[in-house]
Amino acid sequence: MNIKNYINGKFVDPIDDEWIDNFCPGNGEIYGKIPNSSKKDINKAYQAAKKAFPAWSQTTLEQRSRLLIKISELLEDNLQQFAEAESLDNGKPIWLAKAVDIPRAASNFRFFANAITQFASESHESVGQDAINYTLRQPIGVVGCISPWNLPLYLFSWKIAPALAAGNCVVAKPSEVTPMTAFLLAELCMEAGLPKGVLNIVHGLGSTTGQAIVAHPDIKAISFTGGTATGAHIAKIAAPMFKKLSLELGGKNPNIIFADCDYDEMLTTTVRSSFANQGQICLCGSRIFVEASIYEKFKTDFVKKVKQLKVGHPSDPKTKVGALVSKPHLEKVLDYIRIGKEEKGEVLCGGKQVKVKGYEKGYYLKPTVIEVPTDDCRVNQEEIFGPVVTIMPFDTEDEVLKMANKVEYGLSATLWTNDLKRTMRMSKQIQAGIVWVNTWMMRDLRTPFGGVKNSGVGREGGLEALRFFTEAKNVCIKY
Ligand code: NAD
């Protein structure tokens, strides 16, 4: 199926008529073409957004909120179609797309539809000066949203919903690897009655289309989720134009397991936090540190459970681990497994490609556990972003804390313990934007979301996202 750009309320071909192939990870075949849009397309989208902005920014909160809720309802009505498209495009098991990704995209619209109606700004009486200050939170104008392939609609909507709710018009680009559900979303926006030009969805490669959004002098804010190297590149382009930037980048998250935890719950959740979505979630716990007294038991139990995970075609309801997103990505992950072995890591399970019957050209890999001899080896330091985790033991809290923090990233961390004092101590000291204790990926959309160090700058979620997509203006009135 070929997809098109959505600009000014219409589906259009790219101006230069350039296209790229879209591959299906489940069978490795080309199943459509997508536009590789140029600066001209981005400018066309910008012009449409600029024209739509005055009217859109003047809509009442209720009007905006209703529209976003309508989009959310339409997504729910079309759950099956969207889940199929997401699974086909990304390789994730269809049950996962149906249970998590698409419902979460619907929740994003609903959440920000409601949040905008509660978005208050502060006022300060300047006592003794007969003056009052209040803060206006005004939409920025035309903003750019760029999202990755791992949670396609989930992360795309996580940006555009707050941007629209705050009264901005948007030029958005989903990943060229997984464009399908963003394309389908455009149809729902039309059906919901979103005015033309308010949301423009332009497809193409990062180096052409994405970069054209970042480099466009009049797109004043960029919300980006993707790799750390891309984030750094974007920051360099945006800095001389003083653009507002939100960068949600890579992670290499520690999963720290103490002997006093609830063992069974920890074990089940750790399998999930390691391999959900083929390990392609920025929040996956890819470095597992286990207290020495339970290390051998954990190793045996964990590997046994991981070996039971069924690798299969994304459409098979029994599949637990689907296909990796692309051939180059599969090759990158296999390369890291090779590096892990060279570094004297022991592959305890997995480590190999899987041929799924009937889909031999698909990008399947066995979930892989590597026991590493030291924490500073490359497989323990660099983001692999696939179904590969490292494990190693630790003796003391201080030791594990040092190892947990000794990476360039700081997105999330998971801590398994029933010791309250240790929880409080470690939560403060772990260098991460999110710390989960005795759980993983439990999300409340009101909470701030983002990373420290090379995992990014800025926060998404709740009021943080609405703050990002508005400019604060102080008005001081002397009376
Ligand atoms: P990527 O950086 O290659 O691409 C992300 C998006 O940026 C895509 O739409 C891509 O086309 C675009 N892009 C690429 N080069 C660009 C450029 N020069 N200018 C503008 N846009 C450009 O990342 P990816 O491979 O799609 O996604 C995987 C990465 O995303 C991982 O590192 C993962 O950790 C990270 N991620 C982070 C979070 C988070 O919330 N922190 C969430 C999901 C994924």
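Predicted model: local features only at pLDDT ≥ 70, side-chain atom pairs only at ≥ 80, totals over all residues.
Trainee: Understood. Which residues does Asn36 touch, leaving out those up to four places away in sequence?

Mentor: Asn36 touches Glu18, Trp19, Ile20, His203, Gly204, Leu205, Thr208 and Thr209, not counting residues up to four places away in sequence.

Trainee: And where is the place of Asn36?

Mentor: Asn36 lies in the loop between strand E4 (29–35) and helix H1 (39–57).

Trainee: Is Asn36 buried or exposed?

Mentor: Asn36 has a relative accessible area of 9%. Buried means under 20%, so Asn36 is buried.

Trainee: How many Å apart in space are Asn36 and Val400?

Mentor: Asn36 and Val400 are 46 Å apart in space, C-alpha to C-alpha, and 364 residues apart in sequence.

Trainee: Let us turn to helices. At what angle do H2 and H6 pack?

Mentor: Helix H2 (residues 61–77) packs against helix H6 (residues 180–192) at about 130 degrees, and their axes are 9 Å apart. That angle makes H2 oblique to H6. The crossing of H2 past H6 is right-handed.

Trainee: Which residues make that contact?

Mentor: H2 contributes Leu67, Lys70, Ile71, Leu74 and Leu75, while H6 contributes Leu185, Leu188, Cys189, Glu191 and Ala192. By class, the contact of H2 with H6 has eight nonpolar, two charged and no polar residues.

Trainee: What about H2 and H5, at what angle do they pack?

Mentor: H2 and helix H5 (residues 152–165) pack at about 160 degrees, with axes 10 Å apart. H2 is therefore roughly antiparallel to H5. H2 passes H5 in a right-handed crossing.

Trainee: Which residues meet there?

Mentor: Arg64, Leu68 and Leu75 of H2 meet Leu153, Ala161, Leu164 and Ala165 of H5. The classes in the contact of H2 with H5 are six nonpolar, one charged and no polar.

Trainee: Which residues in H8 are buried?

Mentor: In helix H8 (residues 228–238), the buried residues are Thr228, Gly231, Ile234, Ile237 and Ala238. Their cover includes helix H7 (206–215), strand E10 (221–225), strand E11 (244–248) and strand E17 (409–410).

Trainee: Now strands. In what sense do E5 and E6 pair?

Mentor: Strand E5 (residues 123–126) and strand E6 (residues 131–139) pair in the antiparallel sense over four bridges, and His124 stands opposite Asn133 in E6. E5 and E6 form a hairpin with four residues between them, and Gly128 in the turn has a positive phi of about 85 degrees.

Trainee: How many bridges join E6 to E22?

Mentor: Nine bridges join E6 to strand E22 (residues 470–478), and the two run antiparallel. Arg137 stands opposite Ala472 in E22.

Trainee: What is the order of the seven strands in the open sheet?

Mentor: The order is E14-E15-E16-E13-E12-E18-E19, with mixed pairing. Strand E14 (346–349) and strand E19 (434–437) are at the edges with a single partner strand each, so one side of each has no neighbour in the sheet. On average, neighbouring strands of this sheet are turned by 25 degrees against each other, direction ignored.

Trainee: How many bridges join E18 to E19?

Mentor: Four bridges join strand E18 (residues 412–416) to E19, and these strands run parallel. The bridge partner of Thr414 in E19 is Trp436.

Trainee: Which helix packs on the sheet?

Mentor: Helix H10 (residues 292–308) packs on the sheet, and the strands touched include E12 (254–257), E13 (287–291) and E14. The direction of H10 makes about 135 degrees with that of E13.

How values were computed:
Residues numbered from 1 in each chain as written. Heavy atoms only, no water. Axes fitted to C-alpha atoms, helices over the stretch in contact; angles between N-to-C directions. Parallel < 35°, antiparallel > 145°, perpendicular 65-115°, else oblique. Left-handed = near helix turned anticlockwise from the far one by under 90°. Contact = heavy atoms within 4.5 Å. Nonpolar A, V, L, I, M, F, W, Y, C, P; charged D, E, K, R; others polar. Pairing = 2+ DSSP bridges. Buried < 20%, exposed > 50% of the residue type's maximum accessible area, 1.4 Å probe, protein only.
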